[in-house]
Amino acid sequence: METRRCVIATAGHVNHGKSALARALTGMDPDRLPDEKARGLTIDLGFAHLELEDPAAGTRWLADVVDAPGREQFVKNMVGDVGAADLALLAVAADEGWMPQTEERLQILACLGVRRGVVALTKIDLVPEKREEREREIRKRLAGTPWAEAPIAPVSAVTGEGLDALLEALRQTLRSTPAAEDIGKPRLAVDRVFTVKGAGSVVAGALIGGALRRGQTVVVQPFGGRSRIHAIRQYHRETEIALPGARTALNLPDLEPKAPDQPRGLARGQIVTLPGLGEPSDTADALVRAAGRPGAGAPAIKSGAVVRVHHGTGSYPGRIALRDREELLPGEEALAEIRLGRPAFWFAGDRIVIRDSSQRHTLGCGLILEPGADRRRWRTEAQAAFLKRRAAAPQDPRAFAASLTARDGAARIGLALRASRFSEKAVRQAFEELAAAGEAVMRGELALDPALWRELQGEAIRAIDEEHRRHPKRPGLDLAKLRSRLKARLSAPGLFEALVEELCRSKEFVLRANVIRRAAHKLALPPKLAPLGERIRAELAAHPFDPPSRKRLAPDPDSFQALRYLLSAGEAVAVGPETVLSAEAYREAARRICAFLRRRGQATVSELRRELGAPRRVAAPLLEKLDKEGITRREGNLRRLGPAAPPEEASAGA
């Protein structure tokens, strides 16, 4: 029998029997807080476990039952883990029937994308005569919602009547529930933080998006704290690996719970994930839908309104800006920019719940289309087209990939959509499909918009030809000048290198050192200077990082002319007033320095000099030149990689 995992969330109006139902189904009391037991109501999320066998499907379900609070002032807690639920159990009491908060809970479930559910008509022992009337009422309320065909199971948690039928309804609904997907991007939304004596901090929450392993290094967003996972528990058992689709507890001994003296500690609302999956941001562009049914009199969402945004288990103050309208009426949807008061760690494809600033009303929901959105783009037509394309197919990685290349012109495949609910495999396949359809051009790790690619090639060719016309005695166009001319169009790292490689692949262009020219463009030293040029080449090659001074290389006027030719031809590079390197030595020095800084992060002149085996008279001006070109960056007595440092795979051609 196959074992599968799922999360079942209860929801409903206060005192409609959710917790009693969870106890009857699981034998466990989900109310864990002393105040909850004393007051007889659920304040925070409660948890229980249910093992449900389905012989007809050959499946054994391990279900975490999340009991969400029903009272209005605790709705913010309800939003917590419900978004990670595979299905919901909506409780409606037979004695009271459908209530305003029942409607709101249904809206929140829809907002969070919970499309599968079972309705439990509870407390049928109190008013058995109203059973059929309540079922008709519920079915009418569900009409026009994703739950229109959801099974309705009359049940009494007191007498046990209907429990077997409710369990069967859960089995039938789970049969159509897909297994939790592992896309290699695990995220655990923290809803509990506590300390275990002798073990340290423990965080708990629902795990989605991928597996986590004991010993793995994780990062806690948005504050960026790192820790190694010391231990993992799922279903009250220790395990080496936590699979997605279940509540999970992680022992993170390297971090402390948040406290007045520990403001960057662990807390509810954070996300435990892997390094390298993006950064938190305070802005996202989204597709927003106003809650409620058209004409129902629910509050509208007004552009510019101060709101409360719920994402995962976090609650954020924020402001919403609608595009091309001033308000959004119930049932309507529009593109919107969400600005938060503090950063959140969110992915494209995530769902959010929007409530008013007092948290008394649920205003609507949103689907994140671009996390980390650039606020300067919000009102542009290009951004509108980008968002509309994504909003039209929110589950299609190809639509997201196509929108990116169409807007930006280029994308690095390994980095594109890393902050999304698409796996790397799905993203790569999406770009390959775009290329096969002629909607993208693939060059190594780059995916390019065909129109931009043609324009870049045309502009580069015009620049080279222009250099030949204006300066026929020069060997060609310096790559630095070409890069500067195209700078505004180079929208992705490595794009310039791919362009140069593309031009030279055609055999119509030749790259020699740092100069590109047409293959038909010929330039040579005059016969009387040729031997001097060969001598200078040989001396530079013999001592690549410790060459003779410029005066020794060119002690007379003829040698000076030969050296000037080699410099203009790009065969040699002046790194200082008195120092010249061969172009090959300069590129190799830049490559070694970049590699060293990638390994070490920073270095002194002395450390880099030793790495090259170069004297200080060469190393110091060499680094100053690299600073000017942006390949390195000086910080006091240290050097770090600069903004123009080539990508690692391209650094050999820097």
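In the protein chain, residues 24 or more positions apart account for 67% of the contacts that have a separation of 6 or more. That figure, like every other one discussed here, belongs to a predicted model. The chain has 654 residues, of which 51% count as buried, and its C-alpha trace spans about 115 × 55 × 50 Å along the principal axes.

Let us take helix 11, which runs over residues 479-486. Which of its residues are buried? They are Leu 479, Leu 482 and Leu 486, and when one looks down the axis of helix 11, these buried residues fall within an arc of 60°, so they line one face of the helix. The partners against which the buried residues of helix 11 pack are helix 10 (450-470), strand 28 (477-478), helix 12, strand 29 (509-512) and strand 30 (515-518).

Two of these partners are helices, and each pairing can be examined in turn. Two packed helices are described by the angle between their axes and the distance between the axes. For helix 10 and helix 11, the angle is about 135° and the axes lie 11 Å apart. Angles over 145 degrees would count as roughly antiparallel and those from 65 to 115 as roughly perpendicular, and helix 10 and helix 11 are therefore oblique to each other. Helix 10 passes helix 11 in a right-handed crossing. On the side of helix 10, the contact is made by Leu 456, Glu 459, Ala 460, Ala 463 and Glu 466, while helix 11 contributes Leu 482, Arg 485 and Leu 486. Sorted by class, the residues in this contact between helix 10 and helix 11 are five nonpolar and three charged, with no polar ones.

The second pairing joins helix 11 to helix 12, which covers residues 495-505; here the angle is about 120°, and the axes are 11 Å apart. Helix 11 and helix 12 are therefore also described as oblique to each other, and helix 11 passes helix 12 in a right-handed crossing. Which residues meet in this pairing? From helix 11 come Leu 479, Leu 482, Arg 483 and Leu 486, and from helix 12 come Phe 496, Glu 497, Leu 499 and Val 500. By class, the contact of helix 11 with helix 12 holds six nonpolar and two charged residues, and no polar ones.

Lys 507 lies in the loop between helix 12 and strand 29, and its phi is near 70°, a positive value in a residue other than glycine. Is Lys 507 buried or exposed? With a relative accessible area of 67%, Lys 507 is exposed, since the cut-off for exposed is over 50%.

A positive phi is also found at Asp 324, where the value is about 65° although the residue is not a glycine. Asp 324 sits in the loop between strand 20 (314-322) and strand 21 (327-328), and at 65% relative accessibility it counts as exposed.

Methods: Residues are numbered from 1 along each chain as its sequence is written. This is a predicted model: local features need pLDDT of at least 70, side-chain atom pairs count only at pLDDT 80 or more; totals for chains, interfaces and linings use all residues. Side-chain values use heavy atoms; hydrogens and water are left out. Axes are lines fitted to C-alpha atoms, for helices over the stretch in contact, and angles run from 0 to 180 degrees between N-to-C directions. Helices (H or I, at least four residues) and strands (E, at least two) are DSSP runs, numbered from the N terminus. Angles under 35 degrees count as roughly parallel, over 145 as roughly antiparallel, 65 to 115 as roughly perpendicular and the rest as oblique. A crossing is left-handed if the near helix is turned anticlockwise from the far one by less than a right angle, and right-handed if clockwise. Contact means heavy atoms within 4.5 Å. Ala, Val, Leu, Ile, Met, Phe, Trp, Tyr, Cys and Pro count as nonpolar, Asp, Glu, Lys and Arg as charged, and the others, Gly among them, as polar. Buried means under 20% relative accessible area, exposed over 50%, partly exposed in between (1.4 Å probe, protein chains only). The arc is that of the directions from the helix axis to the C-beta atoms.
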